[in-house]
Amino acid sequence: MPSVLVVEDDPSIRQSLIEVLTEQGYAVRSAADGFSALREVTQSPVDAVVLDLGLPDLDGGDALRMIRGISSVPVLVATARDDEAEIINILNAGADDYLVKPFSGGQLLARLSAVLRRTSSAHPGGGVAAGAAVAPAAEPLRPTTVGELAVDPGARTAYLAGQELRLTRREFDLLAFLAHHTGQVVSKRRLLTEVWREPYVDDQTVDVHLSSLRRKLGERASAPRYLLTVRGVGIKLVAPR
Ligand code: CA
């Protein structure tokens, strides 16, 4: 199983990246700044590094040059700067590829597996598992009944009081995920990671879909029945009282 070092100072983005990569079977280590990243790379080998360029202690370009000074590990750079000169500079400094933020989990996985494929012959110790980044082996969601709401992920149907709900694909996925975790508070970040599979997408995307889902369930955020917002934490699906 390939190992990846995630270097990212934003804790919620770091956590999302870790989740996306872990779910795909990567062994993930992480660092929140440039010097910790250098220490990690020195201490034990990794198969690839995902390096955020906006770090608190080191300029990302310098961090990259320092990593290059001690290791030929493939480095995928995540940059907020969509600037051609900057990107050329990064590639010249030894990056194997780059991603411009915001990017989706799918894009990260595709770029990462491409970098690992290209470099695996040059890094025989890499041990890149064939198909490591192919289809996700997500936990299958089970049919759930909560109050008068019945959700069947296999059949992709949802009924409320015997009436079939007409949901968009995303609304259905969102409802099925929340139903699978009935009674548990699920953070918006987790929904973005596991339902959208795009950890960099804005939280508001979740809000928009939640409000249309609420409307179809015949409720409002101010008078919820099934979908409770736990302020500052997330959303949970419950049986109405
Ligand atoms: Ca950053």
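**Sheet, calcium site and cores in a predicted model**

An open sheet of 5 strands runs in the order β2-β1-β3-β4-β5, with parallel pairing. The model is predicted.

Me: What makes β2 and β5 the edge strands?
Reply: Each of them, β2 (27-31) and β5 (97-100), pairs on one side only. From one strand to the next, the twist averages 20°.

Me: How do you know that β1 and β3 pair?
Reply: Pairing takes at least two bridges between two strands. β1 and β3 have 4 bridges, in the parallel sense. Therefore they count as a pair. V7 gives one example: its bridge partner in β3 is L51.

Me: What does α3 touch on the sheet?
Reply: α3 packs on the sheet and touches β3 and β4 (75-79). The direction of α3 makes about 160° with that of β3.

Me: Why are D9, D52 and G54 called donors of the calcium ion?
Reply: For Ca, the cut-off is 3.2 Å, and the atom must be N, O or S. D9 (OD), D52 (OD) and G54 (O) lie 2.2 to 2.4 Å from the ion. These are O atoms within the limit, so they qualify as donors. Water is not among the atoms, so the site may look incomplete.

Me: How are the donor residues spaced in sequence?
Reply: The pattern is D-x42-D-x1-G. D9 and G54 link distant parts of the chain, 45 residues apart. D9 sits in the loop between β1 (3-7) and α1 (11-23). G54 sits in the loop between β3 (48-52) and α3 (60-70).

Me: Why is D9 called partly exposed?
Reply: Buried means under 20% relative accessible area, and exposed means over 50%. D9 has 30%, so it falls in between.

Me: What about G54: why does that residue count as partly exposed?
Reply: G54 has 41% relative accessibility. That value also lies between the 20% and 50% limits, so G54 is partly exposed.

Me: Which residues touch the most other members of the largest nonpolar core?
Reply: L149, L175, L178, L191 and L227 do, in a core of 27 residues. Membership requires a buried residue, so each of these five has under 20% relative accessible area. The largest share of this core, 7 residues, comes from α6.

Me: Which residues does L191 touch, beyond those up to four places away in sequence?
Reply: L174, F177, L178, V186, W196, V206 and I235. Contact here means heavy atoms within 4.5 Å.

Terms used. Residues are numbered from 1 along each chain as its sequence is written. This is a predicted model: local features need pLDDT of at least 70, side-chain atom pairs count only at pLDDT 80 or more; totals for chains, interfaces and linings use all residues. Side-chain values use heavy atoms; hydrogens and water are left out. Donors are N, O and S atoms within 2.8 Å of the metal (3.2 Å for Na, K and Ca); water is not among the atoms, so sites may look incomplete. Helices (H or I, at least four residues) and strands (E, at least two) are DSSP runs, numbered from the N terminus. Buried means under 20% relative accessible area, exposed over 50%, partly exposed in between (1.4 Å probe, protein chains only). Axes are lines fitted to C-alpha atoms, for helices over the stretch in contact, and angles run from 0 to 180 degrees between N-to-C directions. A nonpolar core is a set of buried Ala, Val, Leu, Ile, Met, Phe, Trp, Tyr and Cys residues joined through side-chain atoms within 4.5 Å.
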